[in-house]
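Please read each point with the chains in view.

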Amino acid sequence: MDNDRIDQIIDKHHGAASSLIQVMLEIQSEHHWLPKESLKRVSQKLQVPLTQILHIATFYKAFSLVPKGRHQVHVCVGTACHVRGASRILDTLQELIKIKPGETDLDLNYSLETVNCVGCCALGPVMEIDGKTYGKMTPTETIDILKNYD
Amino acid sequence: MPQINSSEALEKFRQELLTKNDADTPCISICAGAGCIASGAGEVITAFKAEIEKQGLQAGVNTKETGCPGFCERGPVVVIYPEEICYLQVKPEDVAEIVTKTIKEKKVVERLVYCDSLTAEKAPLESDIPFYKNQKRNLLGSNIKIDPKSIEDYLVLDGYSALSKVLTQMSAESVVEEIKLSNLRGRGGGGFPAGRKWEGTRNAPEPVKYVIVNADEGDPGAFMDRALLEGNPHSILEGLIIGAYAIGSHEGFIYVRQEYPLAVENINLAIIQAQEYGFLGKNILGSGFDFKVSVHQGAGAFVCGESTALMTAIEGRVGEPRPKYIRSNIKGLWDKPSVLNNVETWANVPLIINKGAEWFTQFGTEGSSGTKIFALVGKINNTGLVEVPMGITLRDIIYKIGGGIPDGKKFKAVQTGGPSGGCIPESLLDLAVDFDELSKAGSMMGSGGMIVMDEDTCMVDVARYFMEFLADESCGKCVPCREGTRQMLKILTNITEGRGKEGDIELLEELSEVAKEAALCALGKSAPNSFLSTLRYFRDEYEAHIKDKRCPALSCKELINFYIDPEKCQACGACLKKCPADAIIGGKKLIHIVDQDKCTKCGTCFEVCPTKFSAVTKLSGEPVPAPVPEAERTVVKKDKK
Amino acid sequence: MSEILLEIDGKEVKAKAGMTILDAAKSVGISIPTLCHHEALEPFGSCRLCSVEVDVRGRTSLVAACVYPVANNILVKTRSAKIDRIRKIILELYLAHAPDSFVLQDLAKEYGADKDRFEKEASFCIHCGLCVRYCNEVKQKNAVGFVDRGGRKEICFIPEIAAKECWDCKECFPLCPTEALQAAYVLSQALFTAPPE
């Protein structure tokens, strides 16, 4: 991401040091990950130590310091979904894509994440791919749906 | 739109809107909350708009995309006004029939209305549906009538009249008094009296004060705040502005978790509209009171729902909680006096101002007045949001409103209070739900998550699940939580995987004491709760796992084996076809056998075996019988009697 | 500054507003064990070893002495069966990370902590934060910080800054209660990946 765009985002938040997390969220959302160069730029412009920025980038689940895959696969492991068998959906996906939650496959096709409740508990177990929600999942349906995202 | 700058101008504008709004014009309200959208409401909305155009009815029929009314199990939900006919599980294919029969011919489409599963009684009107009838929907009732993206819908329903009353007729002190009299207690989990919190901040000798909305709703299984913030964002804004006036604050923050993109969108839009119409900014309604508010998104950390961690996050730092020795209503955000309250707490404020503290206290119990929204989820027939007066029994919530446990299974426990809460067994189902009663039973109200569990749920696994959640979400600053939850998780995982040993329960109890007493914040202090409450009511399950390596609920993968009963198997082949691990040996007319070495315990065979055979069983704590010798595997066909 | 009167272990103590229980106890020669506390740094409240019982108007709770402000008429106990039990387990949890630490071993003897109670952990770090806070508050170089959260939390040196500053400094090493074993490991990793000058 080029420095001009980063500066634009920072200026939108009036360059306030307390807007750090909001600035990082925008960069993450536009670029899908946080390259170290952009973090250094943010550190420079907001006058915040790089250690603080790195702590934030690793503390909060929304951020990624590595490039993500083309498709974001999220499995809700909230209590309601868990009680309805979310772990089986997660196991199925891990078997299929051969990665664990938090990882991206080597071809950068899929990134798998667990989410702690998306608020659609009536539809548990819930899986989200690229923002689209799929409810009442079973392991066989999971395999079928993932085929659409080749 | 010129700004409304006096209460007279507001009432005049409201009257104009009411006259414009003909209550008899047919209106099709479709729930556009996140749950119904995930069930396909988006396609239903598009279908309605297309059908109305096709039939040339645009002039006389309105469509409205509304907030969540709570009956999520039966979404997409559609309500037709003015009759208030409620259609459930509506699909795009149903739309043409609804428009023709209900809008044009004023007839009900019977197959789409609520039908009771036991009595087969139908309830076409929204107000007759038992799920809604037994609730007291002071807050949620408006959601189906409002398009959250329209401030005028809110004004039509008396929106901002409480703010107008406060700014023109009440002193700041009297507002605080009214909230104190109402005994409104925090709906986020702490249950602290809001009026007392406000009073403390009002009296703090500091010119700069803040008000904060906690919309971080991190408890898994809880989505009350999502429905309120998505569905009726102005109600929270109005409550917040009233609170700010009462304590003397001119700046507010709304902290919303980024996992709720629709709520973020709707509250941002509401703020822009409120500013346009003059309810935010300088000299609100000509009163001389200034107030501005901004939205901060969370970035994916449960601990940021804790009030001091939330404030630290707004300051742009990692969400590490601070010790509460100096209360945050005295020294909070940037060390200034700050009132932080939950979304539902703020939403109650305009109601209390308009209808009075006395009205509010007529609901609920002496210690807990008003209503509470619960997210009733899990093994329950009617999953969704329920708003009930405090003091209602758990039994009424689960059976009268929730419709009981699906598939004829037996109720086992209900978990309240999220990861910090505990499980309540059947023997306590007649407990009156309020802050104090739930704490006495070893649980807590929490933010309102209510997860129902049945006989197939393993309580040791429930404790392990919550411990895993908390160990992952721990901020890591203090050792009782960081190391304590990790060690407890290790032990609980060992127990569920058959490696439990004597002394495990005692060690868990020791670690629980350390966390409860010495942890820095409420996350750590309440981390042992799910273990302690499941131990209190379900100790036999722990002992079965440890001593007999048996899971009584037949749930823990490492402790169960799938076994096909040779007496019942009719060689239909369903399990062999579906087994993802090729672990079933069988053939035509041959009794099928599960190869225990290959079996991954996914449970597919158990699910696909036809009910009339029910040949697949789960065994735990006993050796699997040796497979029937090959020569004897021919199926004996059952005689048709 | 106004005077505050409180009681610590039965002794009447005069303290000034703004002091913590730890300061007040020290002023009368009562010692409370600490790990993450340092004179030159802001109190951190993370090791919880300084937990003491405080009775405020009849209600007792356990608090961290290094951050709890003194107040009139509070009764403080720095040792009790409960406090000792809790300090013992906290030490055992630390010893799983750094069983050879001299500081921890001395405390373990006093509280009867068993270094083998819990399985050994891979990281030596006990998260007292002394190195991070010293570099941030005293040296103001911010060469080392924390990353991640919960059990995955670690200290991490920024390669570029470390390459410039740490060779000639390393003042954080003697502060470390675990002989700077983790810091040395992590620092050498960082220097290995630092871009060439």
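How many residues of chain A are in contact with chain B, and how many of chain B with chain A?

1. **Basis of the note.** This is a predicted model, in which local features need pLDDT of at least 70 and side-chain atom pairs count only at pLDDT 80 or more, while totals for chains, interfaces and linings use all residues. Residues are numbered from 1 along each chain as its sequence is written, chains are lettered from A and ligands numbered from 1 in the order in which they are written, and side-chain values use heavy atoms, with hydrogens and water left out.

2. **Chain A against chain B.** To take up the opening question, 34 residues of chain A are in contact with 56 residues of chain B, where contact means heavy atoms within 4.5 Å. The buried area of this pair is about 3300 Å², and carbon and sulfur atoms give 57% of that figure; the term stands for the accessible area (1.4 Å probe) that two parts lose on being put together, summed over both.

3. B:Glu73 and A:Lys136 form a salt bridge, with their closest N and O atoms 3.7 Å apart. On the side of chain A that touches chain B, α2 (20–31), α4 (50–59), α5 (79–83) and α6 (86–97) of chain A each supply at least two residues; helices (H or I, at least four residues) and strands (E, at least two) are DSSP runs, numbered from the N terminus.

4. **Chain C against chain B.** Here 31 residues of chain C are in contact with 32 residues of chain B, and the two chains bury about 2700 Å² between them, 53% of it on carbon and sulfur atoms. In chain C, the residues that lose the most area to chain B are C:Arg48, C:Leu93 and C:Arg149, which together account for 22% of what that side buries.

5. **Salt bridges between C and B.** Across this interface the rule finds 10 salt bridges. One of the residues named above, C:Arg149, forms a salt bridge with B:Glu473, the closest N and O atoms being 3.1 Å apart. Another salt bridge joins B:Glu517 and C:Lys82, with 3.0 Å between the closest N and O atoms; this pair crosses from helix α20 (residues 504–518) of chain B to helix α2 of chain C. B:Glu517 is partly exposed at a relative accessible area of 21%, and C:Lys82 is partly exposed at 27%, on a scale where buried means under 20% relative accessible area, exposed over 50%, and partly exposed in between (1.4 Å probe, protein chains only).

6. Four bridges join β6(C) to the antiparallel strand β7 (residues 154–157) of chain C, and two strands pair if DSSP finds at least two bridges between them. The bridge partner of C:Phe146 in β7(C) is C:Ile155. Six residues lie between the two strands of this hairpin, and C:Asp148 in the turn has a positive phi of about 65 degrees.

7. **Within chain B.** Over all chains the structure holds 68 salt bridges. One of them is formed by the side chains of B:Glu541 and B:Lys412 (2.6 Å, N to O), and it links distant parts of the chain, 129 residues apart, with B:Glu541 in helix α22 (residues 529–547) and B:Lys412 in strand β13 (residues 411–416) of chain B. B:Glu541 is buried at a relative accessible area of 3%, and B:Lys412 is buried at 14%.

Terms used:
A salt bridge is a side-chain nitrogen of Lys or Arg within 4 Å of a carboxyl oxygen of Asp or Glu.
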